[in-house]
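Reader: I've got a model open and I'd like to learn how to read it piece by piece. Can you walk me through it?

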Amino acid sequence: MSLMAEHGGELGGGSTAVGWTVRRGGKNGNGRRGYGFGVVNILDNMFRVLGIRGDDREKLLLPFAPNDVCRVHHMSSPSSSPAAADEGQERVMAAAKHIVKSLAVSKNAADDMMRFLSTYDPRLLPLSSPDTGEEEDEDEEEEELIASAEEVILRCNSSPSGPGMIDDDYLYAVDDATAAAAHSARAAAAVHAAMPRLEEELRALLLASSTSSSPPRLSDDLTGDATTSPPRHDDDGDGATLSPDAAARAVAGRMLRAGYGPELAQAYVAVRRDALAESVAQLGVEVVSIEEVLRMDWAVLDPKMRRWAHAIRPAVRVLLASERRLCDEVFESDAQVGHACFADVARGTVLQLLGFACAATMAARRAPEKLFRVVGMYEALADVRPDLEALFSGNDDASVREFFAGEAATAAAQLADAVRATVEELGHGIRGEASRRPVLGGEIHPMTRYVLNYCALLADSRDTLDAVLLLDGDDDDQVNGAGGDSTLLTPSARCMRKLMTLLLRKMDDKAALYDDAGLQNIFLMNNLYYVVHKVMETPPLRELLGDDWLRRHRGQIRQHETGYLRASWIAVLSGLREDGSGGAPASGKMTRSSSAAAQDRTVRDQARAFNAAFEEMYRAQTAWKVVDPQLREELRIAVSERLIPAYRSFLARASRVSGRHVRFYSLEDLENYVLDFFEGVQKFVR
């Protein structure tokens, strides 16, 4: 709204403070029309609205009118002559025009003020009216302004180029030429001549821009909106040193106002796209095709996948985010163009990052040893995916938003599919393990160690597994084992239980490879004991499997211990019992002496049988291996608790029998021999 429209009531109304005595079309005290004096009063009220004090208002009018006319508070004296009044009126008219022209912020504003004043005096026509005789003067002034702008542009165009070589005078000259280009071919030519230099300066500034730092606060002097008028030359911007980002914004604003938006966008995208690609390369992410990834050996691909997982976060949250801030800074005057440019700049980098992820999933698919790299990539992408999509959320083009969101979703889905497929492949690998060679000494099977270590690492990513794993309902009976409600378990817990069940069932199959039932139980005990203690030592895995699972399988360890004792020692120890040799003669009565002789023979036979069995047990079970020291000691104690009491009873019965033709062990010897059991080193009885 113009000043006249905003304060017309105040300027046109009566005012007793300045002695308003003449109405429109009225006469003064001498019978002459009072237009001039009315204008003085209007100007006085206008100064009042503008906040100018009374003394200052009089000073503004005093140099332009006689004392007897322009003294606002003492004008319209009856003694004034008509000639003096006419002269005073002319002086007042000139003063009014000069003041209005000086106060107006533009020619249109000046015309607006004069048009309002002309309602009180027809001689005060708008300054742009042909009747004022000033149109030609203004045309001459505009031509001079265009010539001056043209001279500055041509002079600067011939000087050396480089960042910061364009000064404020050049930018102001471009503003002047742009303002007149619509109706001046000369000005349009000057603008056209300035654009290559502005584009060159923009490229240099963009290369010098540091996108990793926060955008600085910029001077409003050189960076006005494209929709506003060019900056006035009398704005105080001297001494302000603009950063490369701010200077680029100033140059971009001029190019946009001049109608060179496509050239600006092309230059911006060309420079920043290469700069962004170089920054991403410094993070260790190389540009490789899908075919190259698929042909890579795992020793080459593995470190690339690891670097990708580490680089995706700074690439999105630092590099792309900083690029977005720079784009918003440079294209502040036209956000729509800025969003389009940022999408073009970021497209190549985003597709490169996501494309490698998709290619890596194809190369690592169904390879259990590569699962953790895939999980790491999935977790990294899932972490930055909201940030990546937010960078393009302000774009007015829905197809652009959907494009980047769709690419990110596709990459995440492929990584998730690879995780699921690889976990399933691990289960298939456990089922399909078909080696027929038993582990020496009943030690822990290599598969047991592999699967437990694998599951311990997987448990650290249980949140990721919960997000991507969808186990088949047909496997629930295998997962629960001894029972339980699988619906209460998370997907990752179901996965762990399934793998453990498959593993332990496979160990049952492996135990059948041993001919000795005692060694079968030693093998199962070794493997199950390792599984239970590995779970107990790994909190995430223990949390997934649950305490009920642990209690159930600890009980199974005791069952295998009992199975070993029964298979290895029942037959040996039963031969030490008093009726162990088979009893009395087949017929006839025995004398006391013959009965004693028969008992002696029985004792000797039992001793020989025990000695032979124990020597064989010692030879075999010193070669068996119980890996865990605590379990090994517990098992030795269990053997001694059964062997020593039974042999002590046997020695009591054999005390009257001569050891001349048979050897009897001492209890101490047996205890020492038992200490050699389960060391995995075969020994013989001395």
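Predicted model: local features only at pLDDT ≥ 70, side-chain atom pairs only at ≥ 80, totals over all residues.

Reader: How many helices and strands does the chain have?

Author: The chain has 26 helices and zero strands. Its accessible surface comes to about 33,600 Å², and carbon and sulfur atoms hold 50% of that.

Reader: And what share of the contacts links residues 24 or more positions apart?

Author: Counting contacts with a separation of 6 or more, 77% are between residues 24 or more positions apart.

**Helices: length and bends**

Reader: Which residues of H11 are buried?

Author: The general idea comes first: an α-helix has 3.6 residues a turn, so residues three or four places apart point the same way. In H11, the buried residues include Leu264, Tyr268, Val271, Arg272, Ala275 and Leu276. The buried residues of H11 pack against helices H9 (185-208), H10 (244-257), H13 (298-330) and H14 (335-364).

Reader: Arg272 is on that buried list. What does the side chain of Arg272 make a polar contact with?

Author: With the side chain of Glu323, at 2.8 Å. Glu323 sits in helix H13, and its relative accessible area is 1%, so it counts as buried.

Reader: H13 also holds Glu329. Is Glu329 buried or exposed?

Author: Glu329 has 13% relative accessibility, and the cut-off for buried is under 20%, so Glu329 counts as buried.

Reader: Now bends. Where does H15 have a kink?

Author: At Val384, where H15 kinks by about 45°, shortly before the proline Pro386. End to end, H15 (residues 371-391) reaches 30 Å from first to last C-alpha with its 21 residues, close to the 30 Å expected at 1.5 Å a residue. Val384 is itself one of the buried residues of H15, and others among them are Leu371, Met377, Tyr378, Leu381 and Leu388. The cover over the buried residues of H15 includes H13, H14, H16, H17 (446-459) and H18 (462-468).

Reader: H16 is part of that cover. How accessible is Gly406, which is found in H16?

Author: Gly406 is in helix H16, residues 398-432. With 28% relative accessibility, Gly406 counts as partly exposed.

Reader: Where does H23 bend?

Author: At Ser568, by about 40°. H23 spans residues 547-574, and those 28 residues reach 39 Å from first to last C-alpha, close to the 40 Å expected at 1.5 Å a residue.

**The core and the end of the chain**

Reader: On to the core. Which residues of the largest nonpolar core touch the most other members?

Author: In soluble globular proteins, nonpolar side chains tend to be buried together. Here the largest nonpolar core has 161 residues, and Trp569 and Phe614 touch the most other members. Setting aside neighbours within four places in sequence, Phe614 is in contact with Trp569, Leu643, Tyr665, Leu670, Tyr673, Phe677 and Val685.

Reader: Tyr673 is on that list. What does Tyr673 touch?

Author: Not counting residues up to four places away in sequence, Tyr673 touches Phe614, Tyr618, Arg663, Tyr665, Val685 and Arg686. Tyr673 is in helix H26 and is buried, with a relative accessible area of 5%. The C-alpha atoms of Tyr673 and Lys683 are separated by 9.8 Å, and the two are 10 residues apart along the chain.

Terms used: Residues numbered from 1 in each chain as written. Heavy atoms only, no water. Helix = DSSP H or I, 4+ residues; strand = E, 2+ residues; numbered from the N terminus. Expected span 1.5 Å × (residues − 1). Bend = angle between axes of the 7 residues up to and from the residue. Buried < 20%, exposed > 50% of the residue type's maximum accessible area, 1.4 Å probe, protein only. Contact = heavy atoms within 4.5 Å. Polar contact = N/O pair within 3.5 Å; in protein donor to acceptor, adjacent residues only side chain to side chain. Core = buried A, V, L, I, M, F, W, Y, C linked by side-chain atoms within 4.5 Å. Areas by Shrake-Rupley, 256 points an atom, 1.4 Å probe, with all protein chains shown as cover.
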